Amino acid sequence: MTDFITFNRPPLTGNEQQYVLQAMASDKISGDGFFGKRCQRWFENQLKVARTLLTPSCTHALEMAALLIDIQPGDEVIMPSYTFVSTANAFALRGAKIVFVDVRPDTMNIDETLIEAAITDKTRAIVPVHYAGVACEMDAIMALARRYNLYVVEDAAQAMQATYRGRAVGTHGHLAAFSFHETKNVTSGGEGGLLIINDEQFAQRAEVIREKGTNRSQFFRGEVDKYSWVDIGSSYLPSELQSAYLWGQLERAESITANRLESWQRYHDRLAPLAERGVISLATIPPHCVHNAHMFYLKVASLDERGRLLAHLKARDILAVFHYVPLHSASVASQYSRFDGVDKHTSVESERLLRLPLYYGIAHRDIDRVCEEVIAFFS
């Protein structure tokens with residue numbers, strides 16, 4: 001009897017428990033304690049940015065970004081339809097109309113050549129989503145933003161430790177967001193996120209919004225004699241327990257990424273012959289991008305073939321999964337969004353895509369077994 005191969009296991013390095021217990025024994029277990037500030041400094045040093053703020057989720061970081069760029073009812077925000085619903089919700093909650101643009105079939109990222117045609121006098125922002133930890137074409141996107149005076153908010157939920165032309169993903173736009181959900185390369189106890197502030201004009205207001213609209217952070221730094229309500233905001237601080245868990249992961253972030261990259265390459269090498277035969281397609285990593293092995297996916301010929309391959313793997317105790325159903329096909333899409341241009345690739349490519357098990361510490365024998373079953377299916 002073979003062991004069941006699950007799709008994902010949250011990373012665990014061994015130090016998380018002692019740090020969480022240390023946080024529990026401290027005088028402060030709410031947000032911005034010792035571990036919270038330590039994690040933020042780690043990201044600021046790694047990314048070489050002036051300010052980062054931990055959040056309870058990537059969704060919250062995106063919602064903060066929408067508040068910071070002052071999205072108003074009737075504004076338009078451009079993004080791909082092939083993304084998680086939080087990307088759209090963060091801006092739709094402020095009253096924006098979401099404008100979807102087709103993706104590139106090679107990376108599943110927004111097609112940068114189609115963005116300009118979607119820009120109107122109502123457009124306020126572009127939200128590129130770095131799918132599978134592979135960067136969008138940020139040079140072209142930032143050039144458009146400068147030309148039309150638009151904000152860029154990077155949805156880098158999947159892209160921690162990925163780079164574009166030698167620079168960290170998440171540091172190109174005005175704002176960016178990471179995710180520390182349990183499915184991501186590092187986690188802060190199952191949920192968590194980070195707002196990355198690349199434009200200094202947003203730094204002080206971001207603190208206020210994150211602290212329920214108060215100047216509480218300034219008060220604790222001794223910059224004001226009391227804190228009060230000064231702006232709109234909400235509760236966007238993670239607890240110190242989340243931050244302590246995250247610190248246990250950040251200490252090993254390099255080795256986590258290296259391990260995932262090794263596993264990703266093993267999949268790629270084993271399945272490359274199928275791709276060479278034209279039986280499947282594998283992800284393209286542009287030469288100027290360094291990915292973080294967030295996921296390993298392949299594409300098959302059709303939706304029907306994907307269903308049969310998933311069933312084949314499940315019958316052999318292997319859990320593989322598909323991914324997003326394009327947002328523009330949702331029942332509420334017509335209320336909150338529109339698709340600009342032709343859906344040439346988004347729907348078709350999404351129906352072909354299948355993700356294989358990949359997580360920190362996955363055994364080589366399990367990767368080999370998954371590959372053997374994929375190869376057997378196509379034999």
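Me: How many aromatic pairs does the count come to?

Reply: The count comes to 15 aromatic pairs. Rings of Phe, Tyr and Trp (its six-membered ring) pair if their centres lie within 6.5 Å; planes under 30 degrees apart count as stacked, over 60 as edge-to-face and the rest as tilted. This is a predicted model, in which local features need pLDDT of at least 70 and side-chain atom pairs count only at pLDDT 80 or more, while totals for chains, interfaces and linings use all residues. Residues are numbered from 1 along each chain as its sequence is written, and side-chain values use heavy atoms, with hydrogens and water left out.

Me: What are the distance and angle for Tyr19 and Phe35?

Reply: Tyr19 and Phe35 form a tilted pair, 5.6 Å centre to centre with 45° between the planes. Tyr19 lies in helix H1 (residues 16–24) and Phe35 in helix H2 (residues 34–47), so the pair ties together parts 16 residues apart in sequence. Helices (H or I, at least four residues) and strands (E, at least two) are DSSP runs, numbered from the N terminus.

Me: Is Phe35 buried or exposed?

Reply: Phe35 counts as buried, at 2% relative accessibility. Buried means under 20% relative accessible area, exposed over 50%, and partly exposed in between (1.4 Å probe, protein chains only). Tyr19 also counts as buried, at 11%.

Me: And where do Tyr131 and Tyr297 sit?

Reply: Tyr131 is in the loop between strand E4 (123–126) and helix H6 (138–148), and Tyr297 is in strand E12 (residues 296–299), 166 residues apart. Both Tyr131 and Tyr297 are buried.

Me: Switching topic: what is the strand order of the open sheet of eight strands?

Reply: The order is E1-E9-E8-E5-E4-E2-E3-E13, with mixed pairing. Two strands pair if DSSP finds at least two bridges between them. The edge strands, E1 (51–55) and E13 (337–339), each pair on one side only.

Me: In which sense do E8 and E9 pair?

Reply: Strand E8 (residues 175–179) and strand E9 (residues 193–197) pair in the antiparallel sense over five bridges. Ala177 stands opposite Leu195 in E9.

Me: How many disulfides does a search of the whole structure find?

Reply: The search finds zero disulfides, a disulfide being a pair of cysteine sulfur atoms within 2.5 Å. For Cys289, the nearest cysteine sulfur is that of Cys136, 8.8 Å away.

Me: What is the relative accessibility of Cys289?

Reply: Cys289 has 6% relative accessibility and counts as buried. Cys371 is buried with a relative accessible area of 0%.
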